[in-house]
Amino acid sequence: MEKIQLEISLSDDELKTAMSRYHYEDADFLLFSQVYVEIMERLRPVGMYVYGPFRQEFPEADEETEENGCQVIVSLGGWPDRLQEKDTSRGMLTESFMAECICTELLLQAYEDMNRKIREKYGLWVKKMLFPGGELPFEAMEKIFRNIGQEEVHYNQCYVLSPKKSVAYLAVLTGNKDEICAGICASCARTDCPNRQIGTGKGTAADMEKERRREPMWPDMSGVPLPYGYQRIFHRNTAEKESVRGKKDE
């Protein structure tokens, strides 16, 4: 098992972009940035993985895999959970939800940094990320955890991870740069999702990079369990509103 410290942060511009995604106003920037600073003071993001063939052990991924890939666990550590619990217990719900939004952005950066470090070490690009509960059955998490053999992240009988800002996945690798993964949404089959950051997830790396420049990174909370255990509130709330609106129209 390899363990590496991940290097992630958000600039002021990235914080402002994140605020717009979660519908905050410019006047909220001071508090939003203060919550970010508090998170970063004790944040310890790590990536843990094993490299090698997994085609036989994960038959669901057979068509996607080459000879070798990585089984990966990425975590922001326990500090965000403790911070949110503290804020919630004090009735600071605004700060708690801001922390949730910021940590989602940081977790996306953690994926990218993990993929970059894999590329630097093995000279291979991440072609696709396969997630338990998404492209893989939830039971695949048991194999990933067993094979990595770390003790920092755990899951319960419902496959909810602790610390919460953690995720497990298979990284499908390729030697072809044109097949490079464009982001989390490229692994999601829900091309109709309003929050999708790229088009269909198809095409060359150059095409995907052009689309990434046009649209900021956005987590597909409806299709990819990121992080595990959350209710994917954005899509759920949208669906509930549409349902209510439909009943009123009847």
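**The sheet and its surroundings**

Five strands make up an open sheet in the order β1-β2-β3-β7-β4, with antiparallel pairing, where two strands pair if DSSP finds at least two bridges between them, and where helices (H or I, at least four residues) and strands (E, at least two) are DSSP runs, numbered from the N terminus. Its edge strands are β1 (2–5) and β4 (125–130), each of which pairs on one side only. From one strand to the next the twist averages 30°; axes are lines fitted to C-alpha atoms, for helices over the stretch in contact, and angles run from 0 to 180 degrees between N-to-C directions.

This is a predicted model, in which local features need pLDDT of at least 70 and side-chain atom pairs count only at pLDDT 80 or more, while totals for chains, interfaces and linings use all residues. Residues are numbered from 1 along each chain as its sequence is written, and side-chain values use heavy atoms, with hydrogens and water left out.

Within the sheet, strand β2 (residues 46–52) pairs with strand β3 (residues 69–75) in the antiparallel sense over seven bridges, and Val46 stands opposite Ser75 in β3. Helix α4 packs on the sheet and touches β1, β2, β3, β4 and β7 (166–174), its direction making about 145° with that of β3; contact here means heavy atoms within 4.5 Å. Helix α5 (residues 140–148), in turn, lies across β2, β3 and β7 and runs at about 90° to β3.

These elements belong to a protein chain whose secondary structure comes to seven helices and seven strands, following the pattern β-α-α-β-β-α-α-β-α-β-β-β-α-α along the sequence. Of its 250 residues, 46% count as buried, where buried means under 20% relative accessible area, exposed over 50%, and partly exposed in between (1.4 Å probe, protein chains only). Among contacts between residues at least 6 apart in sequence, 74% join residues at least 24 apart.

**Helix α3 and its contacts**

Which residues of helix α3 are buried? In this helix (residues 79–89), they are Trp79, Pro80, Asp81, Leu83, Gln84 and Asp87, and the buried residues of α3 pack against α2 (29–41) and α4 (93–122). After α3 comes Gly91, whose phi is positive, near 80°.

Not counting residues up to four places away in sequence, Ala99 touches Val35, Ile39 and Gln84. Ala99 and Leu83, although 16 residues apart in sequence, are 8.2 Å apart in space, C-alpha to C-alpha.

Asp81, also found in helix α3, is buried because its relative accessible area is 11%. Leaving aside neighbours within four places in sequence, Asp81 is in contact with Pro163, Lys164 and Lys165. Pro163 lies in the loop between β6 (161–162) and β7, and the peptide bond from Ser162 to Pro163 is cis, with omega near 0°.

**Loops and aromatic rings**

His23 has a phi near 65°, a positive value in a residue other than glycine; His23 is found in the loop between α1 (12–21) and α2 and counts as exposed at 67% relative accessibility. Tyr159 also has a positive phi near 65°, but Tyr159, in the loop between β5 (154–155) and β6, counts as buried because its relative accessibility is 13%.

A search of the whole structure finds ten aromatic pairs, where rings of Phe, Tyr and Trp (its six-membered ring) pair if their centres lie within 6.5 Å, and planes under 30 degrees apart count as stacked, over 60 as edge-to-face and the rest as tilted. One of these pairs, Phe138 with Tyr159, is stacked at 5.8 Å centre to centre and 5° between the planes. This pair links distant parts of the chain, since Phe138 lies in the loop between β4 and α5, 21 residues apart from Tyr159. The rings of Tyr155 and Tyr159 have their centres 5.8 Å apart and their planes at 20°, so this pair is stacked. Phe138 counts as partly exposed at 32% relative accessibility, and Tyr155 counts as partly exposed at 32%. Ring pairs link Phe138, Phe145, Tyr155 and Tyr159 into a cluster.
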